[in-house]
Amino acid sequence: MQVLESCPSCENGDLVDVDLSTNLTDTHKAIIGSNVIWEANYAYCPCCELMFARNRQDTEEIDDYYAAFPEVEKRSYTVYPLPQQFIDVQEKFSERLIGNVEKAGLIRPDMSVLNIRCEYGVHLAHLRDKFGVQDLYGLDHFETNMQYAREDLGLSNIGYLDPYHVHVPFERQSFDLVLANHLMTHALDPMALLAHLRSLVAPGGAIVFYNELDHMGLMDMRKMYRRGVISYHKQLLTRNSLQNMLKRAGYRFDFLDYDTTGIKWASGRHSMAIAACPDTPASVSELTAPAAENLYQAYLDGYDRHAPNKLLRTVKKALGMEQISA
Ligand SMILES: [Zn+2]
C-alpha cells in the first residue's frame, strides 16, 4: 500500500485530514463478510479543493482489489440477462448524455469512438443507431455487461477494462471521441491516467468525462451521510477540483451541463459531461481556488444537517469558516 503525502492533483503537501468514519462505517471501507479489506484515510487539499483517499493500492495489489469489486459494490446488475430496470435507467441517461455531446458538435458518422467503462454499450449503440457511427469500441469491468453488448447489441469491439493501466486491447489506439465514464473518481494515479487518455485522442479529437461528480450530488441532496463513499472511490470530486485536475494535466474544456428538470441525481446535473481537448498544462498558480460557498453547500451542509462529525469541523477550519453554523 502507498500512503499519499501530497495532493495527487496539485502536489500540495499541506493537507487537512478528514475523518469520514462517523456514520459511514460500512461504506468508507471495503467489507466482505466481516473482513475489512481496505480503508481509505481521506484528506482534503485546500489548494485545489480535492478530497481524496490517501491510501492507494500498489500495482501488484490491484488485481486482487478489483477482483472483489462486484461483491463489495453489491452490483445488482451483474447478472445475465441484465435487469430491465438497469437498462431503463441507462437508456434514459444515454438520451441526455449523447444529446449533449451532439449539441456540442462532437458527433460525426465517420468518426471513431472509444467508451471507457461503457456498461453494456448503451451509448455506442445509440451513436450507431441514431447517428450512423460505425467505428465503435468499448471497455467494461463486468462480464455480464460485455456479453450484453456483444450478443444483444451486436457490438463487436468490446474488451475488458483493466482498472489501473486502462489498456486499449484493440488494433486502433487513437480515437476521435473518447467517452470516459467515472474514471477519475476511481483512478489510483489520476494525473498518469489523464496523460494516458491524452495519448488516446486523435488530433482534433475530444474526451467527454461524465459521472464524476457523484459525491457532490449526494452531498447536495443531503444523502451523503446515508450513502457514504465506496472504497474504490479515490477522488471525491467537485466541479472545481475536477477542473483543476484537468488544467494541471493540460486540458482545455467546456462543461456540457444537463437540463436538471425532473431528473434524479444519478443522471442529473452532477453527472454532467465535460468535453476536453489536450492543451498546455497549467501551473499551480493558475488553478482555481476553492469556492467557499460551493464547498459549504457540497461538503458540509448534508453532514451538518444529518450527521455532524469531524469532517464538517476540519473542512470548515481549513477554510476559516468556523463561524458558519448550519
Ligand atoms: Zn490539490
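**View 1. Helix α3 in the predicted model.** From first C-alpha to last, the 20 residues of α3 reach 28 Å, close to the 28 Å expected at 1.5 Å a residue. Buried positions in α3 are Phe86, Gln90, Phe93, Leu97, Ile98, Asn100 and Val101. In an α-helix there are 3.6 residues a turn, so residues three or four places apart point the same way. After α3 comes Gly105, which has a positive phi, near 75°.

**View 2. Helix α4 and the elements that cover its buried residues.** Helix α4 comprises residues 122-131. Its buried residues are Val122, His123, Leu124, Ala125, His126 and Leu127. The cover over these buried residues includes helix α3 (84-103). Strands β8 (112-116), β9 (135-140) and β11 (175-181) are also among the covering elements.

**View 3. The residue after helix α4.** Gly132 follows α4. The phi of Gly132 is positive, near 75°.

**View 4. An open sheet of four strands.** The strand order is β2-β5-β6-β13, and the pairing is antiparallel. Strands β2 (16-17) and β13 (235-236) form the edges, each pairing on one side only.

View 5. Met51 has Leu236 of β13 as its bridge partner.

Note on methods:
Residues numbered from 1 in each chain as written. Predicted model: local features only at pLDDT ≥ 70, side-chain atom pairs only at ≥ 80, totals over all residues. Buried ≥ 20, exposed ≤ 12 C-beta atoms within 10 Å, placed from the backbone. Helix = DSSP H or I, 4+ residues; strand = E, 2+ residues; numbered from the N terminus. Contact = placed C-beta atoms within 7 Å. Expected span 1.5 Å × (residues − 1). Pairing = 2+ DSSP bridges.
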